[in-house]
Amino acid sequence: HGPSEPSISSICELALSIYRDKTDPQVYEKAKKYVAEKVVHQKTLLIARFYRFVFGKLTMRGLPQIRPELILWPKWSGISVYDIGSWARSWLIPLTILWHFERYDPKRKKRIRFYIPFIRKKSIQKVHQWILDHQEEDGSWYGVFSSTMINLMALNRLGYTLDDPIMKKGIAFIHSLQDESEGNLRQQPFI
């Protein structure tokens with residue numbers, strides 16, 4: 001046996017915690033202890049950190065801190081969102097919205113360094129439009145569970161409710177990936 005891979009260890013411990021009632025308590029405790037002592041979440045893959053975030057095992061601080069202004073950089077600049085692979089882009093663009101609301105809550109007047117209001121407003125509008133423009137006919141973003149989840153989370157932070165047709169379409173896609181056969185609920189990651 002070699003050393004364990006941090007991302008896989010992190011996801012396995014998360015799965016054991018979700019299904020704790022169906023898991024041998026000793027196995028779960030051993031996995032939990034291992035992850036707490038050995039896994040540095042900043043060194044795990046983004047997918048592992050995202051799932052831990054979705055299930056409340058990691059705060060936003062465990063995800064990349066990206067500002068919405070990134071969307072304003074032109075393609076020729078070398079640091080455009082279009083220099084990032086499409087799958088990563090489908091996560092990182094909506095993640096900027098989550099970071100905006102994490103770092104700046106207008107109700108608390110918490111400030112972000114280097115925050116220029118009119119540029120931030122334009123960035124948020126552009127990210128918002130990007131999210132709307134990239135929802136697929138089936139309700140997904142790129143046909144992937146995690147991309148769809150984070151885009152729905154961003155839209156929710158932008159004020160969309162679960163009753164909105166865009167949200168309903170995305171949620172229907174997530175449900176389409178579920179299999180409830182044999183008394184179990186399984187969620188496939190993509191189509």
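Predicted model: local features only at pLDDT ≥ 70, side-chain atom pairs only at ≥ 80, totals over all residues.

Visitor: Is S9 buried or exposed?

Guide: The relative accessible area of S9 is 14%. Buried means under 20%, so S9 at 14% counts as buried.

Visitor: Which residues does S9 touch, leaving out those up to four places away in sequence?

Guide: A touch here requires heavy atoms within 4.5 Å. With residues up to four places away in sequence left out, the partners of S9 are S4, Y34, V35 and V39.

Visitor: How are α1 and α3 oriented to each other, roughly parallel or roughly antiparallel?

Guide: Helix α3 covers residues 46-54, and its axis lies 9 Å from that of α1. The packing angle is about 20 degrees. Angles under 35 degrees count as roughly parallel, so α1 and α3 are roughly parallel.

Visitor: Which residues of α3 make the contact with α1, and how do the residues of the contact divide by type?

Guide: On the α1 side the contact is made by S7, S10, I11, E13 and L14. On the α3 side it is made by A48, Y51 and R52. Taken over both helices, the residues divide into 4 nonpolar, 2 polar and 2 charged.

Visitor: What is the handedness of the crossing of α1 and α3?

Guide: The crossing concerns the way α1 passes α3. Its handedness is left-handed.

Visitor: Is I166 buried or partly exposed?

Guide: I166 has its place in helix α7, residues 165-176. Its relative accessibility is 23%.

Visitor: How many helices and strands does the protein have?

Guide: Read along the sequence, the pattern is α-α-α-α-α-α-α-β-β. The secondary structure comes to 7 helices and 2 strands.

Visitor: What share of the residues in the protein is buried?

Guide: The protein has 191 residues, and its C-alpha trace spans about 55 × 35 × 35 Å along the principal axes. The accessible surface comes to about 11,800 Å², with 58% belonging to carbon and sulfur atoms. The buried share of the residues is 38%.

Methods:
Residues numbered from 1 in each chain as written. Heavy atoms only, no water. Buried < 20%, exposed > 50% of the residue type's maximum accessible area, 1.4 Å probe, protein only. Axes fitted to C-alpha atoms, helices over the stretch in contact; angles between N-to-C directions. Helix = DSSP H or I, 4+ residues; strand = E, 2+ residues; numbered from the N terminus. Parallel < 35°, antiparallel > 145°, perpendicular 65-115°, else oblique. Left-handed = near helix turned anticlockwise from the far one by under 90°. Nonpolar A, V, L, I, M, F, W, Y, C, P; charged D, E, K, R; others polar. Areas by Shrake-Rupley, 256 points an atom, 1.4 Å probe, with all protein chains shown as cover.
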